[in-house]
Structure formats: C-alpha cells, structure tokens
Amino acid sequence: MIGVELRKLLRRPRTWVSIGLLCLLPVVVAVFLAVTGIAPRPGQGPTLLAAVLGNGALYPAAALGIVLPFFLPIAVAVQAGEAVAGEAAAGTLRYLLVRPVGRTRLLVAKLVSVIAYTLLAVVAVAATGYVTGVTLLGTSGQLATTTLAGTALTPADLAWRTGVMVLYIGWSMVGVASVSLFLSTLTDSPLAAALGGLAVLVSSTVLVALDAAGAVRDYLPTRYWLAWVDLFRDPVAWQDIQAGALVQTGYVVVLLGAAWANFATRDVTN
Amino acid sequence: MSTVVTSQARRRWLAVGSGTLLLATLLGVGPWLRATVAVEPAGTTPQAVLDRALASADVAFSATGESRGGLALPDLSGFGDLAALLGGTTDTRVWWGGPRRWRVDTVDALGETDTYGQAGSVTTWDYESRRLVTVVGDASARLPRADDLLAPTAARRLLGAVGPGDRISSLPARRVDGRVTDGVRVEPGDPRSTVAHADVWVDRATGLPLRLAVVGSGGTDALVSELSQVRLGQPDDAVLTPPAAPTARRSVESAPDLVARVAAASPWDMPDRLAGLGAVGPDLAGAPTYGDGLVRVAVLPLPPRTAEDVMRGATSAGSATEEVDGGRIVRIGSNLLNAVVVRGADQWHAYVVTGLVDPALLDAVAADLLADPPPPTRGFR
C-alpha cells in the first residue's frame, strides 16, 4: 500500500509542478541578485539573504528562508489536505476501502506519502538553492563563509548544518501536514482541509507575535519555525531547535492520533 | 443504540484524548509544578542576600537571557537602539567568565550582534553590517547596551545604588529556571523616584541574580530581565574571543556612541550641586550624576547642533517645546525613565537631564542649570 501511494505521488505531474514552482522563486531571486549585485540591506529581507553575494554556499539556507513563511506551508497543506479528502471528492475512497486494505494501513500509507512529499520539497529547494547559489552567486573566495558570529565555516561545517536544517524544516512541515491530514479525514473537500491547515498557521503566527499570548506562545506550531537560523550561530544554539522539534512531535502525534480515531470508524459515503 | 463501531470509535477517541491530556499535563503542569514546588525559606537577612548579589560578579556561567522593557521612549536620532532596548524584548546568549572576560550575543531571526568584554576594551561584532568595532577604555558615560540589561548586571547596578534611605525586605524564596532563589525587594525611600519597587531573585547557591523585575510608580512592570538555561562554570576561551572575520569592516574607537563622544568633549565646569542634589563622586567632567540612593539624575552637556537635533526629534515624536526662564525645554517621558532636553537662551548651553525620577525634579535641575549656566573649564576658556 505504501509503495502504491509513493508511486502515485512520484508519477503525478502535480507533484513535480508544485515542487518546481517552489524552487522557481529562489532561482528568480538569485538571478536578480546576481544580475544587479544588490543584496537586501542588513536587517532586511529573508534570513541570510544579505550574506549570499559571493557566498553561494549559503544560498540553500537563504532559499529555504524565502519559501518557508508562505509557499512551502501552502504546498504541504494542499498535498496533505488532498490525501484523504481528495479521494473522497473524486469518489474513489469507497472503492479504495473495498479492497482488502485496513483503514489504518491506508492512513499510514497516505501519511508516508505526505511526509515523502514534504521532504522531497525541502530537499529540492535546498539542492536548487545550492546549485543556483554556487553557479550564479559564486564562491569567489573573497568572502569566507561565516557563521552569524563571524567565525569561519568549513565546507564540512556548512554541510552538516545545512543537512540538519533540511531535516528540521522538513519536520516542521510534517507538523503542518498533520493538521491538514486530520482535517482531510473530517471533510470531503480537499480545499477546506488545506485552507483549514493554513488558517491554523496564520492564527499561530498572529498569536506568536502577541505579547498577551505569552503564556501559550511556546506551544504554538509556528513558534520555533525560524529556529533553524540558530544552526548558523557559533556555538550552535540547540535549545530552540530541540524545543521546536518537540512541539512539532506533539502536534504530529496528537493530530495523527485524532486522524486515525476519526478515519478508522467514520462513515465513508463517497 | 450502541453498536460495535461506535464503541470502537469511543475507545479510539478515548485513547487519543487521554494521550493529549497526558501530553498537555506534562508540558503545562510540569513546569508550573517545578517552579512552585516548596522551597525552604531563606535563612539569611535581606541585607545578606543583597551583599551576596553584589559580590557575584566573578561567578562564571553561561545562560540565555531575556529582558522585556515597557518604556515608551521616542526613537531619537543618534541614540541608537535605546528605544527598542528599553521598550521591547531583547533575547540574549551569555557567556560570563568575569567582569573583564565575557560575551553577550543579542539574537534575532535576521542575525545577531555580539559584544565581547575584555580587559580594557569592548569589541562588538554586528553580523548584518559585518562590522567589528573595538572601543578602547571605559567611557565615563555611554548609552545602555543589551549586556547592561542582563539580570545579574542590571540587578548589581541597582542594588549597588541602594542608599541608607531606601528600604529592603525579603520576598518568599522561589525557583527561577529550576534553581532555588532568595528574593529581595527594594523600595526607594524618596517619593521623587519613579520606581515603586524592584524585586531581585538571587541564586541561593552562588549569589547570582537570576531575575529582576522593576515596577514603575504606575504599578506596571517597567523592566523584567531573567536568565534561563544557566550552566555554572568557566566558558571556553574560544567562545570569549572576538571573531577573526577577515572580510569585516574593522575600526578601533575611543567612544562607543554619541553620548560617550559628547561627554568626552563637554566644555563645561559642572556645579557640584543641582536642585539640592549633590554630585556623585568628585569627578564633574563629562556627564556627572547627582543624587543618592535610588534617586539619581544624570546631566549630559550637549553641543548646540546636537541639542537642536535632539529637540527636533523629540518634538516630531510628540513632545512639546516649552519656553522657560533662561531658555527652552522639551520633556520626554515614560512610565519609569524621564528626561528633559534643555537649551539655554545663549544658544551655547544645552543638556539632557535624565533619571528614574519625577519630572518635577528634572525641571528643578533644568531651572538651576539655566539660572546659573556653568562656566567653561580651564582648557576651553
């Protein structure tokens, strides 16, 4: 079942179109930076973008910083919202369950497919960022790649930090996916499931910025999204990264549990 | 009617609900229990706790810090990030090896600004502008930096200013960051102070102040600073060494900011008493401070052009200019820190008078300065 869902994911043109569009924006930004040589002024624009001119090896991180606030969550929410509700909307969910397939197995297969899409998207953006950065922005040697603390980053340092960043952002997006996947088991409309997931994220973003919500801030899903920046400090600040991974794990466990509890016994009419 | 399906659904939802409740309990109630679990009362006097806090500058530690300022100050040109520092939240990472060997990083999602304290100099690395600035020597006056608002540093400064007229009392012991702390409350004895009280929680094991809360006379928190993730012990030498940053723009300066530059160049021989307040210390050069205990007023002489810029900035931020005997003043107020920009009618004498005191006291200081303008020092005659 998992293999079937993964093959379906990889063969569907929509998967590659959405990932292609995700990768396109960082490429466009890199082209503008390379042609004009004008980076955002310090303190402005996405994280690390001000430091990438002549430092193309940092561009994977900057590329993920560009798509993280908006486009990546949208793509993941749409994919996860589609998982179950899409089958129901197309009228194929009932036929899927007529096969000797348990509902829990089907849900697990859908989950694995969504996680695969999420990691694929994050890795694709990072890889595109690297190729684009090195090609267009260069690693001239005039500018040493440094941490935010100004200390030098060796290629090995940069590689493991970027790798952990990809995993961290991927796991944060699995948190987004779990919201939409749960909603996808509640409704037959994939659009409603995706928009519901995005509504949760927008609400979380508003509350994170609100001092009055300080008591719950550390438990909100988007609270630690930007903690990956701490990987590029020296010494690495692990505290928020660990907290972010834990918070996402909490949401993933609770929401997938709820998705399972609902989907395993709901009436499937489509 | 209950069916097999509905009872299965109930069991599943019960399992998910129980798991969620357990998780929420662990995450929410756990820290609360940890913070409030019974702590043995302090066996010492508040004065002893205060003395231990003042003697804690050599306690080596690493931690993360957060300071939340509630002062609504206008953003004035030349005064750097003062308004943001005292009116917003500042997140820091701290490595403290001692008063002459420390590092404080101010971090946000876009970068960081790291300050390295070393014997005889302070070096600042700003990632966003890629500048590495070393300031040599100790300025007699300067703008506050993020490291000044760290709980231990700010608490020691505040407790060090407590005078015989101020009252200190004990607060119930509590846990801060999981560590047992003894609380001390300081209340100004002089009603002209805008501080209602300041509460300091001091680590019982080391004497390190871990939390400071300053409450203004309006009853609201004006500044709260706290350390978390505290680890005792000497930080690595590598962490305390400024970066080589080969591509950074480097400079070596003798004054860190506008206030330090202006204070160093002050041409006036300042009086030893203003509005009934005596000068703190014999040195009246630069930006002298007057008063005692928690009622202190700093007077910063300004060059005429700078004074005009500051007045223009303050009036465009909503403050009104008032004509008074001998010149003009502009009042800048917040719930804790007040300031008056003063410009003499001779167009040469100008000052910023500031302190955690009632505006009426600042007006009195301004009136004295305008009524009897200080003469130039010997070198400027």
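1. Chain B has 381 residues, of which 41% are buried.

2. A word on what we are looking at. This is a predicted model, in which local features need pLDDT of at least 70, side-chain atom pairs count only at pLDDT 80 or more, and totals for chains, interfaces and linings use all residues. Residues are numbered from 1 along each chain as its sequence is written, while chains are lettered from A and ligands numbered from 1 in the order in which they are written.

3. On confidence, the predictor assigns the complex an ipTM of 0.82 and a pTM of 0.86. For chain B the average pLDDT is 88, and 97% of the residues score at least 70; pLDDT is the predictor's confidence in each residue, from 0 to 100.

4. The two chains can be described by their elements, taken as DSSP runs numbered from the N terminus (helices are H or I of at least four residues, strands E of at least two). Chain A has 10 helices and 0 strands, whereas chain B has 7 helices and 20 strands. The C-alpha trace of chain B spans about 100 × 55 × 50 Å along its principal axes.

5. Contacts here are pairs of residues whose C-beta atoms, placed from the backbone, lie within 7 Å. In chain A, 75% of the contacts with a separation of 6 or more come from residues 24 or more positions apart. For chain B, 60% of the contacts between residues at least 6 apart in sequence join residues at least 24 apart.

6. Which residues bring α6(A) and α10(A) together? Helix α6 (residues 103–137) and helix α10 (residues 238–263) of chain A pack at about 145°, with axes 10 Å apart; axes are lines fitted to C-alpha atoms, for helices over the stretch in contact, and angles run from 0 to 180 degrees between N-to-C directions. A:R103, A:T104, A:L107 and A:L111 of α6(A) meet A:L256, A:A259, A:W260 and A:F263 of α10(A). By class, that contact has 6 nonpolar, 1 polar and 1 charged residues (nonpolar: Ala, Val, Leu, Ile, Met, Phe, Trp, Tyr, Cys and Pro; charged: Asp, Glu, Lys and Arg; polar: the others, Gly among them).

7. In chain B, please look at helix α2 (residues 46–54) and helix α4 (residues 151–160), whose axes come within 9 Å and cross at roughly 125°. That makes α2(B) oblique to α4(B) (under 35 degrees is roughly parallel, over 145 roughly antiparallel, 65 to 115 roughly perpendicular and the rest oblique). B:L50, B:A53 and B:L54 of α2(B) touch B:A155, B:R156, B:L159 and B:G160 of α4(B). These residues divide into 5 nonpolar, 1 polar and 1 charged.

8. Staying with α4(B), 8 of its 10 residues are buried, so it is largely enclosed by the rest of the structure. Among the buried ones are B:A155, B:R156 and B:L159. Their cover includes α2, β1 (61–69) and β8 (179–187) of chain B.

9. Finally, the interface: 26 residues from chain A and 28 residues from chain B take part in the contact. The chain A side that touches chain B has 16 nonpolar, 9 polar and 1 charged residues.

How values were computed:
Two residues are in contact if their C-beta atoms, placed from the backbone, lie within 7 Å. A residue is buried if 20 or more other C-beta atoms lie within 10 Å of its own, exposed if 12 or fewer, and partly exposed in between; C-beta atoms are placed from the backbone.
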